[in-house]
Amino acid sequence: MEIRTIDTFLKVAATQNFSKAAEQMGYSQSAVTVQIQKLEKELGVELFERMGKRVYLTETGKAFIPYASDLMQASQAALHFSGRESIPRGRLRIGGVESVCTALLPQLLLEFYQRCPQVEVVIKSGTTGELLDLAASNELDLVLTLDEKVFRPDLCCETEKKEEIIFVTLPGTYNQINSVMSIMDLCRQPFILTETGAAYRYELERMLAERELEINPILEIGNTETIINLLKKGMGISYLPRFTVADALQNGSLVQLHTDLPSVYMRHQLIRYKSKLLTRQMEIFMDLLKEFFQKNESYD
């Protein structure tokens, strides 16, 4: 049983597509097919079910993922056993959804730099799905999400934290600030929303659709810092994770607008592929994030 075959299995399991796995690994699709067939023959089981252009893990295939991940990690650890220096060097590649990159990562990266000044940090933003695809092709080491809970047998969640999503606006803008605004009245107000694709925006639109209502934003923009600055100038209402506006709420430059919609919570999760070798810099960043969440219990 070859390590490269195990690696191929994990890539196909992550992408559920032979062509995509082949592209990520620099192989031909036929080479990937041959490797998977060889592995299935060695194990004496079917790991994938082929349906058209898609492949799906069988129950046996799902059960094999932890074993494959352990083999990959042991192999990588053996290759890098001499590299665990007291002062970490190299790179740390982190993927984060936009709101996390803007509001959360700067605080963490400053402290990380103080602990690991010789590590080059690379940050990429995108949706949770896009970032997990990059991690699957070994272009990212860690993914920090703000989404519905992500759970897959090939993934490991190192830490997670619940995050409330709230309506915010400029103090005194609406008469209903100190009471509860009906959702029908809310939908008539000018809104600035994050771009379509953010998990919490999708959840808001889903709840409104159940009530046959919708919000037509006056502006859509991906950068939460820009949204916050516009809100402070009196440009409507937005729907944002509480942590992104925590400072503004504390100093009174923005206020929470209460409505009769149910409270919505998403989850921060720090995710890595189980097959990914844990470097010292990854461990330090994971510890920093855990410490940060513990210090900021008010986020719950």
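Start by selecting Phe112, which is buried at a relative accessible area of 1%; buried means under 20% relative accessible area, exposed over 50% and partly exposed in between, with a 1.4 Å probe and protein chains only. Residues are numbered from 1 along each chain as its sequence is written, and side-chain values use heavy atoms, without hydrogens and water. This is a predicted model, in which local features need pLDDT of at least 70 and side-chain atom pairs count only at pLDDT 80 or more, while totals for chains, interfaces and linings use all residues.

Now select Phe18 and Phe48. The structure holds seven aromatic pairs; rings of Phe, Tyr and Trp (its six-membered ring) pair if their centres lie within 6.5 Å, and planes under 30 degrees apart count as stacked, over 60 as edge-to-face and the rest as tilted. In one of them, the ring centres of Phe18 and Phe48 are 6.3 Å apart with planes at 85 degrees, so this pair is edge-to-face. Phe18 belongs to helix α2 (residues 18-25) and Phe48 to strand β1 (residues 48-51), so the pair ties together parts 30 residues apart in sequence. Helices (H or I, at least four residues) and strands (E, at least two) are DSSP runs, numbered from the N terminus. Both Phe18 and Phe48 are buried.

Return to Phe112 and Phe285: their ring centres lie 6.3 Å apart and their planes at 70 degrees, so the pair is edge-to-face. Phe112 in helix α6 (residues 105-115) and Phe285 in helix α12 (residues 280-295) are 173 residues apart, and the pair links distant parts of the chain.

Finally, select Phe9, Phe18, Phe48 and Phe64, which form one aromatic cluster.
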